[in-house]
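Subject: Structure handover

Hi,

Here is the structure I promised you. Please open it alongside this note, and my findings follow below.

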Amino acid sequence: MAGGLIAGPSVFGAESAEAAEAPPGSRVSLTVNGKRHTVTVDNRTSLLDLLREHLDLTGSKKGCNAGACGACTVLVDGRRVNSCLTLAVRLDGAEVTTIEGLAKGDRLHPLQQAFIDQDAFQCGFCTSGQIMSGVGCVKEGHTGSPEEIREFMSGNICRCGCYVKIVRAVEQTARGK
């Protein structure tokens, strides 16, 4: 008996057969970037994990996985959401737009172009979430002033500190709307 451990039956009793079973899953049908998908996922799967791991759409980033950074922001039925906090099974029938679905062929979305024009990114990690949140901000009409844009974009963190240029890009897009 080394270190007080001995081989033998578990002190907690026999493992139940239920513990070894797969977790409950559900079929979910949703439209992502204009394309219909039907998948079976574990009921605990986040929208972010569905996008990244099941649909190979890796533009939405997993930053904090707690809804604090905004790197995973996507649009669900036109409203911005933190996809890391949104359960995929709750979105049956929803329409999801990710950064990959903004451009129309080779033509960038106006906010994507504004990010280039304003040089509104450095490392690029937060860029997809910033752009998706900015699209939502413009659609919601929260672009009356730089202060209003900053307030309604405050859930998106840029560790490089490009906030001034991000606000300018959202302003440029709102003016051209």
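The protein has six helices and five strands. Starting at the N terminus, the order of elements is α-β-β-α-β-β-β-α-α-α-α. Please keep in mind that this is a predicted model. The protein has 177 residues, and 38% of them are buried.

Salt bridges

Side chains of opposite charge can pair when their charged atoms come close. The count here comes to five salt bridges.

The side chains of D42 and R44 meet with 2.6 Å from N to O. How exposed are the two partners? D42 counts as partly exposed, because its relative accessibility is 22%. R44 counts as exposed, because it reaches 61%, and the cut-off for exposed is over 50%.

K165 pairs with D119, and their closest N and O atoms are 3.6 Å apart.

E147 and R150 form another salt bridge, with the closest N and O atoms 3.6 Å apart. Here both residues lie in helix α5, residues 146–152. They are three residues apart, about one turn of the helix. R150 is partly exposed, at 44% relative accessibility.

Surface patch

Which residues make the nonpolar surface patch? They are L108, I116 and F121. The patch covers about 230 Å². F121 is in the loop between α3 (110–117) and α4 (127–140). F121 counts as partly exposed, because its relative accessibility is 32%. That value lies between the cut-offs of 20% for buried and 50% for exposed.

Is V138 buried or exposed? V138, in helix α4, counts as buried, because its relative accessibility is 7% and buried means under 20%. The C-alpha atoms of V138 and V170 are separated by 7.2 Å. Along the chain, these two residues are 32 residues apart.

Cavity

Rolling a probe the size of a water molecule over the atoms shows where empty space is left. How many cavities of 30 Å³ or more are there? The count is one. The largest cavity has a volume of about 30 Å³.

Its lining is made by these residues:
- L48
- K61, K62, G63, C64 and N65
- C69, G70 and C72
- C84

By class, five of the lining residues are nonpolar, three are polar and two are charged. K61 and K62 are the charged ones, because Lys counts as charged. Cys counts as nonpolar, so C64, C69, C72 and C84 are among the nonpolar residues of the lining.

Best wishes

Key: Residues numbered from 1 in each chain as written. Predicted model: local features only at pLDDT ≥ 70, side-chain atom pairs only at ≥ 80, totals over all residues. Heavy atoms only, no water. Patch = residues over 30% accessible without salt bridge, like charges linked within 9 Å, V, L, I, M, F, W, Y side chains within 5 Å. Areas by Shrake-Rupley, 256 points an atom, 1.4 Å probe, with all protein chains shown as cover. Salt bridge = Lys/Arg side-chain N within 4 Å of Asp/Glu carboxyl O. Helix = DSSP H or I, 4+ residues; strand = E, 2+ residues; numbered from the N terminus. Buried < 20%, exposed > 50% of the residue type's maximum accessible area, 1.4 Å probe, protein only. 1 Å grid on protein atoms, 1.4 Å probe; cavity = no way out; pocket = protein on both sides within 12 Å on 5 of 7 lines; lining within 4 Å. Points joined across faces, edges and corners; volume = space filled by probe spheres on them.
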